[in-house]
Amino acid sequence: MPQYSAFRIFAEGLRGNTGWQPAWRKARPKPRYQVVIVGGGGHGLATAFYLAELHGIRDVAVVERGLVGQGNTGRNTTIVRSNYLLPENNRFYEHSLKLWEGLERSLGYNVMMSQRGVLNLFHNDAQKAAYTRRGNAMRLNGIDAELVDREGVRALCPIIDLDNGRYPVMGGLLQRRGGTAPHDAVAWGFAKAASDRGIDIIEHCEVTGLLVEGGAIRGVRTTRGEIAAAKVGLAVAGHTSTLTAMAGFDVPIETHLLQAFVSEGLKPLVDCVVTFGAGHFYISQSDKGGLVFGGGLDGYASYGQRGTLKEAEHVFATGCTMIPALKRLRALRSWAGVMDMTPDASPYVCRTPISGLYMTAGWSYGGFKATPASGWCHAWTIARDEPHALNAAFTLDRFREGRALDEKGAGPFPWLQ
Amino acid sequence: MRIPCPFCGPRDEVEFTWRGDASVQRPAAEAGVEAFHDYVYLRRNPRGWTQEWWQHSAGCRAWLRVERHTMTHEIRKVEAA
Ligand SMILES: Cc1cc2nc3c(=O)[nH]c(=O)nc-3n(C[C@H](O)[C@H](O)[C@H](O)COP(=O)(O)OP(=O)(O)OC[C@H]3O[C@@H](n4cnc5c(N)ncnc54)[C@H](O)[C@@H]3O)c2cc1C
Ligand SMILES: [Zn+2]
């Protein structure tokens, strides 16, 4: 498997780039594995990588119905941050951000992590108080947070219309260590590192049934035959309910659409990630120059992976309020992914009612930043059959026990989260 | 997507507000915590045909029970709730 270095790039340049090998090995299914991970997105690949790297479990297959990284992993807006309020989320996402900070070294792959800062704007006193509280909660947990005033916002992102008629900007909450990481690099980095450690990545292999005997998992039925496994981990994002239905139980998840958009390429214009506080809109600029932006959910349950015009209009209108210069741009592409929305917008990384069946799910619209820690905690839970302290609160039972982790306080309505 | 309102005829989706799964039934008041947990939180969430509540909020304001496909967005049945 290839190793990457500055010298290698230089040498390959001289040889017309003819010496590169595929970054990872495409495998065929074997009849039996110790662990099968369903879903070849970032979370599934990260689970496999950490199973091998930290728990010495290498007899693992990742089965993906399409191509690696073409689910939400390849559809998100690449924002990475740990600016949460509740201690359980706060600690988990900070663990994730720390893993991101060392990811290139652990994977041997350039994931192009860019800590360019994440700025959440506020427009009134109540929002300012809420963001101040959140910033304080972060700092109490040792996470960086700064409250910036109007002049601070102007310095960070001069193109924002601070005095726009309806929603003048008062300031913002800034996490400087937040930023972006191109999603394809992340998927490929985890795939390469997992494959290097002997893990089989099997594409075009859809799981169509879960083999359960006496309340315990025995393996999976796929479009490429049955695969036996002592343990199975689900990492299928918006499709989680379709998998748990195969094992005969329902979960607190509803599948909803989230769209994103990219503009034509520009010179550097937006240096950090900015979120608008008076409507659903956020924006950053990719290394290629395109402005990448998005908003809220589409409003009703769907597995369609295509967005509606209604939400697109809202996103464009809100964007032009925040940055009027956007009116002169054209959107190049738009797309949608299917979100595993939970009643409190917090995830599940846990055991399930079936012994030997685990899941990392319910990541809603914010699971990209969780990719390393989701894999890390899922691998721990699978290897030891019990959660790590970092994911102990992320259970399927928490609503029954009155322990919802509702950051937003939006109530038990997944589509409003 | 267009939803055929039984009172107003086929109208664009922007006129409607979604209000979730219509297949779950509110349990009797004394049914206990388990029954209420399942009612409030557990969802079938199928990739296929579903029953859901929609309100024609920017129209006649009637509540509707709609049978819709979550993959194709095809609608095969609409009735007043
Ligand atoms: C438009 C958009 C913007 C977003 N922006 C952000 C952001 O800025 N920051 C952030 O942190 N998060 C963001 N997210 C959320 C983030 O993308 C997801 O939470 C995260 O990528 C989920 O990762 P995953 O690996 O679980 O899912 P996926 O990458 O979707 O992987 C699941 C895989 O499972 C496969 N699968 C499904 N069913 C089966 C089956 N039966 N058999 C085999 N394989 C199956 C799918 O093909 C898929 O490849 C965004 C999402 C979208 C859609
Ligand atoms: Zn009507």
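Modeller: Welcome! Let us begin with a definition: buried means under 20% relative accessible area, exposed over 50%, and partly exposed in between (1.4 Å probe, protein chains only). This is a predicted model, in which local features need pLDDT of at least 70 and side-chain atom pairs count only at pLDDT 80 or more, while totals for chains, interfaces and linings use all residues. Residues are numbered from 1 along each chain as its sequence is written, chains are lettered from A and ligands numbered from 1 in the order in which they are written, and side-chain values use heavy atoms, with hydrogens and water left out.

Colleague: Is Gln305(A) buried, exposed or partly exposed?

Modeller: Gln305(A) counts as partly exposed, because its relative accessibility is 28%. You will find Gln305(A) in the loop between β15 and α9 of chain A. Its phi is near 50°, a positive value in a residue other than glycine.

Colleague: Where is Ser364(A) placed?

Modeller: Look in the loop between β18 (357–361) and α10 of chain A. Ser364(A) also has a positive phi, of about 50°, although it is not a glycine. With 5% relative accessibility, Ser364(A) counts as buried.

Colleague: And Gln21(A): buried or exposed?

Modeller: Exposed, because its relative accessibility is 54%. Gln21(A) belongs to the loop between α1 (6–14) and β1 (32–38) of chain A. Between Gln21(A) and Gln3(A) there are 18 places in sequence and 9.8 Å in space, C-alpha to C-alpha.

Colleague: How many residues of α2(A) are buried?

Modeller: In α2(A), 12 of the 14 residues are buried, so the helix is mostly covered. Among them are Phe49(A), Tyr50(A), Leu51(A) and His55(A). Just after α2(A), Gly56(A) has a positive phi of about 65°.

Colleague: At what angle do α3 and α10 of chain A cross?

Modeller: Axes are lines fitted to C-alpha atoms, for helices over the stretch in contact, and angles run from 0 to 180 degrees between N-to-C directions. The axes of α3(A), residues 87–101, and α10(A), residues 371–384, cross at roughly 110° and come within 7 Å. That makes the two helices roughly perpendicular (65 to 115 degrees).

Colleague: Which residues of α3(A) meet α10(A)?

Modeller: Contact means heavy atoms within 4.5 Å. Phe92(A), His95(A), Ser96(A), Leu99(A) and Trp100(A) of α3(A) meet residues of α10(A), including Pro372(A), Trp376(A) and Cys377(A).

Colleague: What order do the strands of the open sheet in chain A have?

Modeller: Two strands pair if DSSP finds at least two bridges between them. The eight strands follow the order β5-β6-β4-β13-β14-β15-β12-β16, with mixed pairing. At the edges lie β5 (146–149) and β16 (331–341), each pairing on one side only. From one strand to the next, the twist averages 25°. β12(A), residues 254–265, and β16(A) pair in the antiparallel sense over 10 bridges, and the bridge partner of His256(A) in β16(A) is Met339(A). Helix α9(A), residues 309–322, packs on this sheet, touching strands that include β4, β12 and β16, and its direction makes about 135° with that of β15(A).

Colleague: What is Ser241(A) in contact with, leaving aside its neighbours within four places in sequence?

Modeller: Its contacts are Val251(A), Ile253(A) and Tyr303(A), together with Arg44(B) and Asn45(B). Ser241(A) is in helix α8 (residues 240–246) of chain A and is buried, with a relative accessible area of 1%.

Colleague: How many helices and strands are there in chain B?

Modeller: Chain B has one helix and six strands, running β-β-β-α-β-β-β from the N terminus on. Its C-alpha trace spans about 40 × 25 × 20 Å along the principal axes. Of the 81 residues in chain B, 37% are buried. Strands β5(B), residues 63–69, and β6(B), residues 75–80, pair in the antiparallel sense over five bridges; Leu64(B) has Ala80(B) as its bridge partner in β6(B). Their hairpin has five residues between the strands, and there His73(B) takes a positive phi near 65°.

Note on methods: Helix = DSSP H or I, 4+ residues; strand = E, 2+ residues; numbered from the N terminus. Parallel < 35°, antiparallel > 145°, perpendicular 65-115°, else oblique.
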